[in-house]
Amino acid sequence: TLAVLALVIIATFAAYWPALSGGVLFDDDLNIMVPTVRLPSGLHSIWFQPQSTQQYYPVLYSAIWLEHRLWGDQFFGFHLVNVACHAASTLLIFFILRRLKIPGALLAAAIFALHPVMVESVAWMTEQKNTLSTVFCLASLLAYLAFDESRRRFSYFLSVVLFALALLSKSATVTLPCTLLVICWLKRGTISWKRD
(Lines give C-alpha, C1' and ligand atoms only; values in the text may rest on other atoms or scores of the structure.)
Protein backbone atom coordinates (compact mmCIF):
# COMPACT_ATOMS: atom_id res chain seq x y z
CA THR A 1 0.00 0.00 0.00
CA LEU A 2 2.82 2.43 0.81
CA ALA A 3 4.34 1.93 -2.65
CA VAL A 4 0.98 2.61 -4.32
CA LEU A 5 0.44 5.64 -2.07
CA ALA A 6 3.88 6.95 -3.04
CA LEU A 7 2.85 6.48 -6.67
CA VAL A 8 -0.28 8.59 -6.06
CA ILE A 9 1.85 11.38 -4.56
CA ILE A 10 4.29 11.22 -7.49
CA ALA A 11 1.33 11.31 -9.88
CA THR A 12 -0.01 14.36 -8.02
CA PHE A 13 3.25 16.24 -8.49
CA ALA A 14 3.44 15.12 -12.11
CA ALA A 15 -0.13 16.26 -12.80
CA TYR A 16 0.49 19.69 -11.27
CA TRP A 17 4.01 20.11 -12.65
CA PRO A 18 2.89 22.75 -15.19
CA ALA A 19 1.45 24.86 -12.34
CA LEU A 20 4.92 25.21 -10.80
CA SER A 21 5.96 27.55 -13.60
CA GLY A 22 2.76 29.61 -13.39
CA GLY A 23 2.64 33.32 -12.80
CA VAL A 24 0.14 35.77 -11.33
CA LEU A 25 -3.55 34.92 -11.77
CA PHE A 26 -6.66 36.98 -11.05
CA ASP A 27 -6.19 38.52 -7.58
CA ASP A 28 -2.76 37.11 -6.72
CA ASP A 29 -1.41 40.65 -6.73
CA LEU A 30 -3.94 41.59 -3.99
CA ASN A 31 -2.97 38.64 -1.80
CA ILE A 32 0.59 37.56 -2.57
CA MET A 33 2.14 40.86 -3.57
CA VAL A 34 0.65 43.19 -0.91
CA PRO A 35 3.07 45.21 1.25
CA THR A 36 1.88 43.53 4.46
CA VAL A 37 3.27 40.16 3.41
CA ARG A 38 6.36 41.63 1.76
CA LEU A 39 7.65 43.71 4.67
CA PRO A 40 9.65 42.18 7.54
CA SER A 41 7.34 44.02 9.98
CA GLY A 42 4.23 42.70 8.22
CA LEU A 43 3.74 39.75 10.55
CA HIS A 44 2.52 42.03 13.33
CA SER A 45 0.05 43.71 10.97
CA ILE A 46 -1.23 40.34 9.73
CA TRP A 47 -2.25 39.33 13.26
CA PHE A 48 -3.20 42.65 14.88
CA GLN A 49 -4.48 44.87 12.05
CA PRO A 50 -7.28 42.90 10.36
CA GLN A 51 -7.64 45.44 7.51
CA SER A 52 -4.01 44.97 6.46
CA THR A 53 -4.97 41.97 4.32
CA GLN A 54 -7.95 41.30 2.09
CA GLN A 55 -9.40 38.81 4.61
CA TYR A 56 -8.48 38.09 8.21
CA TYR A 57 -6.74 34.73 7.73
CA PRO A 58 -3.64 35.26 9.89
CA VAL A 59 -2.26 31.71 9.60
CA LEU A 60 -2.54 31.85 5.80
CA TYR A 61 -0.93 35.27 5.51
CA SER A 62 1.77 34.31 8.04
CA ALA A 63 2.61 31.38 5.77
CA ILE A 64 2.72 33.70 2.75
CA TRP A 65 4.84 36.16 4.77
CA LEU A 66 7.28 33.34 5.59
CA GLU A 67 7.33 32.23 1.96
CA HIS A 68 8.28 35.78 0.94
CA ARG A 69 11.17 35.59 3.39
CA LEU A 70 12.29 32.30 1.80
CA TRP A 71 12.03 33.02 -1.95
CA GLY A 72 10.92 36.61 -2.41
CA ASP A 73 8.91 37.16 -5.58
CA GLN A 74 9.82 33.84 -7.17
CA PHE A 75 6.42 32.28 -7.84
CA PHE A 76 7.77 28.73 -8.07
CA GLY A 77 7.94 28.48 -4.27
CA PHE A 78 4.34 29.59 -3.76
CA HIS A 79 3.13 27.07 -6.34
CA LEU A 80 5.30 24.35 -4.80
CA VAL A 81 3.70 24.94 -1.40
CA ASN A 82 0.23 24.61 -2.94
CA VAL A 83 1.12 21.33 -4.64
CA ALA A 84 2.79 20.01 -1.47
CA CYS A 85 -0.29 20.91 0.61
CA HIS A 86 -2.51 19.16 -1.91
CA ALA A 87 -0.31 16.07 -1.77
CA ALA A 88 -0.43 16.15 2.05
CA SER A 89 -4.23 16.38 1.92
CA THR A 90 -4.28 13.36 -0.36
CA LEU A 91 -2.34 11.36 2.22
CA LEU A 92 -4.62 12.55 5.01
CA ILE A 93 -7.72 11.53 3.08
CA PHE A 94 -6.26 8.07 2.61
CA PHE A 95 -5.46 7.69 6.32
CA ILE A 96 -8.87 9.04 7.39
CA LEU A 97 -10.76 6.66 5.12
CA ARG A 98 -8.57 3.75 6.17
CA ARG A 99 -9.14 4.54 9.86
CA LEU A 100 -12.89 4.63 9.17
CA LYS A 101 -12.51 1.25 7.42
CA ILE A 102 -14.10 2.57 4.23
CA PRO A 103 -13.31 0.34 1.24
CA GLY A 104 -11.49 1.97 -1.66
CA ALA A 105 -9.55 4.48 0.45
CA LEU A 106 -6.64 4.44 -1.97
CA LEU A 107 -8.89 4.97 -4.98
CA ALA A 108 -10.71 7.84 -3.24
CA ALA A 109 -7.38 9.49 -2.38
CA ALA A 110 -6.18 9.08 -5.97
CA ILE A 111 -9.38 10.62 -7.32
CA PHE A 112 -9.02 13.54 -4.91
CA ALA A 113 -5.39 13.99 -5.93
CA LEU A 114 -6.00 14.04 -9.66
CA HIS A 115 -9.56 15.30 -10.09
CA PRO A 116 -9.73 18.33 -12.41
CA VAL A 117 -11.93 20.26 -9.98
CA MET A 118 -8.85 20.70 -7.76
CA VAL A 119 -6.82 22.52 -10.42
CA GLU A 120 -8.07 25.98 -9.47
CA SER A 121 -7.08 25.62 -5.82
CA VAL A 122 -3.70 24.06 -6.55
CA ALA A 123 -2.58 26.20 -9.50
CA TRP A 124 -3.75 29.60 -8.21
CA MET A 125 -1.39 31.05 -5.58
CA THR A 126 -4.15 32.96 -3.77
CA GLU A 127 -6.00 29.70 -3.20
CA GLN A 128 -3.33 28.59 -0.76
CA LYS A 129 -6.12 29.37 1.69
CA ASN A 130 -7.85 26.24 0.35
CA THR A 131 -4.84 23.95 0.23
CA LEU A 132 -3.45 25.03 3.61
CA SER A 133 -6.78 25.03 5.45
CA THR A 134 -7.58 21.59 3.99
CA VAL A 135 -4.38 20.16 5.47
CA PHE A 136 -5.21 21.54 8.92
CA CYS A 137 -8.87 20.53 8.68
CA LEU A 138 -8.13 16.95 7.62
CA ALA A 139 -5.34 16.63 10.20
CA SER A 140 -7.81 17.82 12.86
CA LEU A 141 -10.34 15.24 11.71
CA LEU A 142 -7.71 12.48 11.86
CA ALA A 143 -6.62 13.58 15.35
CA TYR A 144 -10.24 13.53 16.51
CA LEU A 145 -10.70 10.02 15.14
CA ALA A 146 -7.61 8.98 17.13
CA PHE A 147 -9.16 10.58 20.23
CA ASP A 148 -12.47 8.84 19.58
CA GLU A 149 -10.69 5.47 19.66
CA SER A 150 -8.21 6.09 22.49
CA ARG A 151 -9.84 8.89 24.57
CA ARG A 152 -6.37 10.37 25.04
CA ARG A 153 -6.64 14.06 25.88
CA PHE A 154 -3.57 14.87 23.81
CA SER A 155 -5.36 13.73 20.63
CA TYR A 156 -8.37 15.88 21.52
CA PHE A 157 -6.17 18.91 22.26
CA LEU A 158 -4.27 18.35 18.99
CA SER A 159 -7.55 18.17 17.09
CA VAL A 160 -8.73 21.48 18.61
CA VAL A 161 -5.42 23.24 17.85
CA LEU A 162 -5.42 21.98 14.25
CA PHE A 163 -9.06 23.08 13.88
CA ALA A 164 -8.13 26.57 15.12
CA LEU A 165 -5.27 26.70 12.57
CA ALA A 166 -7.73 25.64 9.85
CA LEU A 167 -10.19 28.39 10.86
CA LEU A 168 -7.41 30.98 10.87
CA SER A 169 -6.46 29.84 7.36
CA LYS A 170 -10.00 29.87 5.96
CA SER A 171 -13.21 30.33 7.90
CA ALA A 172 -15.19 27.88 5.72
CA THR A 173 -13.62 25.05 7.74
CA VAL A 174 -16.10 25.92 10.49
CA THR A 175 -18.18 22.97 9.27
CA LEU A 176 -15.71 20.42 10.67
CA PRO A 177 -17.53 19.85 14.00
CA CYS A 178 -20.74 19.02 12.10
CA THR A 179 -18.77 16.61 9.93
CA LEU A 180 -17.36 14.93 13.05
CA LEU A 181 -20.84 14.53 14.52
CA VAL A 182 -22.06 12.92 11.30
CA ILE A 183 -19.09 10.53 11.37
CA CYS A 184 -19.82 9.63 15.02
CA TRP A 185 -23.48 9.05 14.16
CA LEU A 186 -22.55 6.84 11.19
CA LYS A 187 -20.10 4.82 13.32
CA ARG A 188 -22.45 4.24 16.29
CA GLY A 189 -25.96 5.03 15.05
CA THR A 190 -26.33 7.63 17.77
CA ILE A 191 -24.70 10.79 19.10
CA SER A 192 -23.92 11.34 22.75
CA TRP A 193 -23.17 14.91 23.92
CA LYS A 194 -20.79 13.67 26.63
CA ARG A 195 -18.95 11.10 24.51
CA ASP A 196 -18.91 12.88 21.13
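**Exercise 1.** Which residues does serine 121 touch, not counting residues up to four places away in sequence?

*Solution.* Bear in mind that this is a predicted model. Start by finding the residue: serine 121 sits in helix H8, which covers residues 119-123. Next, look around serine 121 and skip the residues up to four places away in sequence; that leaves Asn82, Glu127, Asn130 and Thr131 as the ones it touches. Last, check the burial. Buried means under 20% relative accessible area. Serine 121 has 12%, so it is buried.

**Exercise 2.** Work out whether leucine 20 is buried or exposed, and find its contacts beyond the neighbours within four places in sequence.

*Solution.* Leucine 20 is in the loop between H1 and helix H2 (28-31). Its relative accessibility is 5%, so leucine 20 counts as buried. With the neighbours within four places set aside, leucine 20 is in contact with Phe76, His79, Leu80 and Val83. For one more distance, take isoleucine 64: it is 44 residues from leucine 20 along the chain, and the two C-alpha atoms are 16 Å apart.

**Exercise 3.** Describe how helices H1 and H7 pack, and say which residues make the contact.

*Solution.* Two packed helices are described by the angle between their axes and the distance between the axes. For H1 (residues 2-15) and H7 (residues 105-114), the angle is about 10 degrees and the axes are 9 Å apart. Angles under 35 degrees count as roughly parallel, so H1 and H7 are roughly parallel to each other. On the H1 side, the contact uses Val4, Leu5, Val8, Ala11, Thr12 and Ala15, while H7 brings Leu106, Ala109, Ala110, Ala113 and Leu114. Sorted by class, this H1 and H7 contact has 10 nonpolar residues, one polar and no charged.

**Exercise 4.** Now do the packing of H6 against H9: what are the angle and the axis distance?

*Solution.* H6 (residues 75-99) and H9 (residues 128-150) pack at about 25 degrees, with axes 8 Å apart. H6 and H9 are therefore roughly parallel to each other, and their crossing is left-handed. Among the contact residues are Phe78, Asn82, Leu92 and Arg99 of H6, and Gln128, Thr131, Leu138 and Glu149 of H9. The H6 and H9 contact has 16 nonpolar, five polar and two charged residues.

Key
Residues are numbered from 1 along each chain as its sequence is written. This is a predicted model: local features need pLDDT of at least 70, side-chain atom pairs count only at pLDDT 80 or more; totals for chains, interfaces and linings use all residues. Side-chain values use heavy atoms; hydrogens and water are left out. Axes are lines fitted to C-alpha atoms, for helices over the stretch in contact, and angles run from 0 to 180 degrees between N-to-C directions. Helices (H or I, at least four residues) and strands (E, at least two) are DSSP runs, numbered from the N terminus. Angles under 35 degrees count as roughly parallel, over 145 as roughly antiparallel, 65 to 115 as roughly perpendicular and the rest as oblique. Contact means heavy atoms within 4.5 Å. Ala, Val, Leu, Ile, Met, Phe, Trp, Tyr, Cys and Pro count as nonpolar, Asp, Glu, Lys and Arg as charged, and the others, Gly among them, as polar. A crossing is left-handed if the near helix is turned anticlockwise from the far one by less than a right angle, and right-handed if clockwise. Buried means under 20% relative accessible area, exposed over 50%, partly exposed in between (1.4 Å probe, protein chains only).
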